[in-house]
Every structure is written in structure tokens, then in C-alpha cells.
Amino acid sequence: MEPLTRNKIPTPHLFILAGMILLATGMVFGVVGGLQYVIQGFIKSILSFDKIRPLHVSSVVFWIILAAVGSVMTYLQQHTGRPLYSPRLARIQLLIFAGTVIAILCSYCFGVFGGREYWEFNPWFALPLVLGWILFLINFIASIGSLKNQPVYVWQWMTGVVFFLFTFLESYLWVFPYFRNNIINDMTVQWKSYGSMVGSWNMLIYGCSMFLMTKISGNKDMAHSKMAFALYFTGLFNLMFNWGHHIYTLPTHAFIKHISYLVSMTELVILGRIIWLWKASVSEARRHFHHAAYRFIAAADVWVFLTILLAIAMSIPAINVYTHGTHVTVAHTMGATIGINTLLLMAMATDILKDREHISGAPGGWLNAGYKLANVSLLVFWLSLIVAGILKAVWQMDRSQVPFSNMMLQLRPAFIVFVGAGITLMVGIWMVLFAQITWYSRSRVTKTPRRIGGIHHKESTAVTVD
Amino acid sequence: MAPDFQKTIVGLLLTLSFLTYSFYLYSSLPVRDAVFTIDVDRGKAIWQQHNCTACHQVYGLGGYLGPDLTNEYSKRGPDIIKAMIRTGTKTMPAFNLTEEETSSLLSYLKHIDQTGIADPRSFKIKLDGTIDQE
């Protein structure tokens, strides 16, 4: 066990804090990209859309990945009651990831791209990321020991860690001519990998969410229940086989589409059900104690339902043919990555970063105001994308099709609302991040164990479980 | 059966199915006999180097700022595409490609065009919710 020092920041916390900085930055890139929709040629000569889009996508994807890794590392220690197998490996992983992320973001500014849809960078940068992830895999497996009698969240973490590596490697099969030398083959494998990769990071996040719910409620049985495992295996089934709904209109094998159509996206509904049942069972006192973290989960709960509605509709090929290639797809992605992933990660960040001795009592007003602003803005943002998507779908199906540029002009009012809501969403998230980071900066490592939800807390590297 | 054993069996079966499905797909990719010349490969590399997919879609997959380019080659013809690449638009930067690079990029767009039709109006919707291309 590492000696406790007053100002030392644990490595898992550094993962989360680095992720937060990327989220804050990624929102700026997102707003600039949005402005390029409504102001034609906006800073085109400095940062054209081909640069802004990957800057935005990679920043927010790395926020999700880094924050998820930091959360898994923290909760893994709280679960086992031991420090990580190797804190040094975790630090090396952090250094590799931090260096690579900075290099990737800089590469876009110099016009160096991977040119793939949608998460792209030069393939050479994939090598250090794979190396870093292997270190994480080693650390995870060595820390957890065995899957015997483990709760569902450990299975979810294991799945996320293993499948992320597999799908990430798979997404680079295009470098081999066998896979690359036809657009249809290439796109089939590409969307197979990316579809499942999203499922793999969802596994990491949902596992942490399940751990947090267990911690708050103090109900350990929930994570061992048959229902929880049935839902986990349904999610795994979806991760493996539902990716074909991205390519219904691609002239690839028909069986891929039929399999995907049949494998429904039930994982989010199931998670929503768990959250709902858990919410009813938590006592008022405990709910109050974890108020900030709980509220993010409650908001994510709403977004689960909104996103699942859209996801189910889009998984039906007859509907997908209308929504495919429109902003309805973007609305779905934003609902999932901001409404679910980011809000759940913020719940975990709020929970994890408070596991220190704080000089001030709570993050306070900025957090509450930011939370409200972000959620209202996200709803407007999401609705404006759906409206833009419907208008584009009507245009796509119109026999007397007007030119693309005219259609984009018709969508302008929706884009203006989208950009306005994007700006207030950015401000809301900044306020939340500002509250969390300043609150954390005024804290120190605590040596006094505190009892929370059946788990003794000292700090993230020194925890014992009842 | 012990619960852990059951979970392990289900997990292994799913993983085995996934791996079988994956490797079956790798070995039986849908298009086997397409003509993919060195020029098309070079065009694809240029497409990726300039991150064209940030703004443009192929089969409805890609960015949303520019039009879907799957069938633009047959719709507009190489000359108009060539002019747009050279001069740019209000939104799109002018790419300073050489004649050779432009020719390779056009070969790639021609190749994409020959793989199928992306227009959603060409799909026939069936009662079971599936779709077919006309």
C-alpha cells in the first residue's frame, strides 16, 4: 500500500481530471464546429471543419475513456479492499495516454489525419494506445484475481476492458489490403468494430454505475442477482451482434442486417429498470448524503429512456432508411454520449473526487446551476437535431430534390437553435467541471476512514470493504 | 450447477459465437471480385489524408456538412467534381491537389459509385420492417 501524503493525487483521480480537461476543451471544439454550420466559412482558414470535427470527437471520446478508466481503477480498489496490483503500471499507462492524446490533438492542427469515420487519427498513434490498454488489462486481471463469486459489475468491467482491446485492434484491420481494397468490405468491418467498441466502453461505465448504486444503497445483493446477470448477458449479446444497424443501407451481407434487427437494444431499458428499482429502495438520508452523484444518475435515467426510444426506432430498417444519414443519428449519439455516458461519469467523478477530506463542505451553487443548465440545454440541443434530421429525411425522400446547399439553408433555423443550445450546454458543463475541480483542489488526502454504504473509505488507494 | 459455472458457460458460448461470427465475416467479406487498382488505392489514401469523411458521407456514413458522395461521380461527372476540389466552396477549403492526386481521387469516387446506390428512395420497404434495394 502506498504511503499517504497530504497533497498526492492518486493516479485514478488524475485519469478523471485529465478527462475533465478534455471534456471542457472538446465542448469548445464542438461549439466552433456548430458555428461553422450557421456561419459559412467561419474561421475556415485557421481551423476548417475537417480539423474541428476530429478535435471535438477525439477530445470527448478520450474524456469518456479516461474517466471510465479512472473510475474503474478507483472502484476496483474499493471493491477488492486492496490497492491496484501495480500503481506503477497505472502511472505508466496515464503517461502513455496523456502523451498520445496531446500528440493526436496536435496532429489534427497540422492536418495529419487518419481519415476514418468517426473516431480517427493517424494509425501510428494507435500503437501506444494499445500498449497502454494492455497495461490496464494486466493491472485489472492481476488486481481482480478470479471471477469466482464476483458481482455483475466486475464482469462488466472485464468485458469492457477485453472487448475494447479487441474492437480497437479490429478497427485497424483496414491497414491490410485484404480488408481495405473494397469500400463495402472496409465499411462492414469498420462499423462492426466501432459499433462494438461503443458497447465496450458502455460496459465500463455501466459497471461503475452499478457499483455506485450498490455503494449508495448499501444493497450488495442487487449486483449478485440473477436479474442483474441476465441483463448483463443481454447487453453483451447486443455488444457482439447489434452493430449491423449502422449499415442497413450498405450493400453488404443481408444476414448481418437481419441479425442486428433481431438483436434488440434492450440493454439501456434494462439499466433504466435497475436504476428505477434502486431509486425506490434508497433511504432519504443516504440519498441526501450522495445528493450530487445521485442527481446525475437520476438525469441519466431520463436520458436512458429518451435514447432508447430513438434507438429502438432506428433499429427497425424500415424507419432507419429515413433517419440514416440525417441528424436524427447525431441526436441519438449525443443522447447516448452526453445524456448517458457523460452524466454517469459525472456521477462517478462527484463520488470519487469527494473521497478526500474537503476544506469546504460541498461543491455548492456552481454545480447545481451547471447541472440544471446542462440538462435543459441538452434537451433543446437534442430536439433541434431531431427536427433538423426530420427535415433532412423529408428532403432525402423528395422526388423533386432541391440542391444540397438549399436544403442546408432550410435547416438553418434548427442549426441556430442547435448552436445556441450547444453554447449553453458547454457553459453548464463548464460550471459543473469548475465546481468539481475547485472543490477537489481545496481537498487533501484523508487518513480517517469514513463509512459509506457498507464500505470503509480512506482514500482511493487505501480502502477496505466490510 | 453452481451459479459461477453457469455464468462462465454462458459467457464462453457468447464469446465463442462472437469470435466465430467475426472470423467468418473476415473470411467471407461481401465483395470479392471488385477491380481495385493502385490508382483507386491511392485515391482512397488521399480521401483519408484530407479527412474528407469529416464533411461527406458514403452510404450515409460520415459527416453532415457536405453532401453524400456515394453516387456523385455518375450524377455530376468528373469535371464538376474536379472543379470543386480545385476551387473549394464557401464551406469547403480548396485542396491544392496535383493533377495526379485529383485523378486518383476521382478514380476512388468512381469506384465507390460502382459499388451500389445510396439514395434512400431506391429502397423498397417490406412489411416485416426490412428493406431491399430496388
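Predicted model: local features only at pLDDT ≥ 70, side-chain atom pairs only at ≥ 80, totals over all residues.

Residues are numbered from 1 along each chain as its sequence is written, and chains are lettered from A and ligands numbered from 1 in the order in which they are written.

Chain A contains 17 helices and five strands, where helices (H or I, at least four residues) and strands (E, at least two) are DSSP runs numbered from the N terminus. Of its 466 residues, 55% count as buried, a residue being buried if 20 or more other C-beta atoms, placed from the backbone, lie within 10 Å of its own. Among the contacts in chain A with a separation of 6 or more, 82% are accounted for by residues 24 or more positions apart; two residues are in contact if their C-beta atoms, placed from the backbone, lie within 7 Å.

Leaving aside residues up to four places away in sequence, Ala68(A) touches Trp201(A), Leu204(A), Ile205(A), Cys208(A) and Leu345(A). Met346(A) lies in helix H14 (residues 327-353) of chain A and counts as buried because it has 29 C-beta neighbours inside 10 Å. With the same exclusion of residues up to four places away, Met346(A) touches Phe296(A) and Val432(A).

Turning to helix packing, the axes of helix H5 (residues 152-170) and helix H8 (residues 226-241) of chain A, lines fitted to C-alpha atoms over the stretch in contact, come within 10 Å and cross at roughly 15°. H5(A) and H8(A) are therefore roughly parallel to each other, a term for angles under 35 degrees between N-to-C directions. Val152(A), Trp155(A), Gln156(A), Thr159(A) and Phe163(A) in H5(A) meet Ala228(A), Phe229(A), Tyr232(A), Leu236(A) and Leu239(A) in H8(A).

Between the chains, the contact takes 48 residues from chain A and 47 residues from chain B. Several elements of chain B each supply at least two residues of the side that touches chain A, among them helix H1 (3-27) and helix H5 (99-115), and the largest share of that side, six residues, comes from H1(B).

Terms used. Buried ≥ 20, exposed ≤ 12 C-beta atoms within 10 Å, placed from the backbone. Axes fitted to C-alpha atoms, helices over the stretch in contact; angles between N-to-C directions. Parallel < 35°, antiparallel > 145°, perpendicular 65-115°, else oblique.
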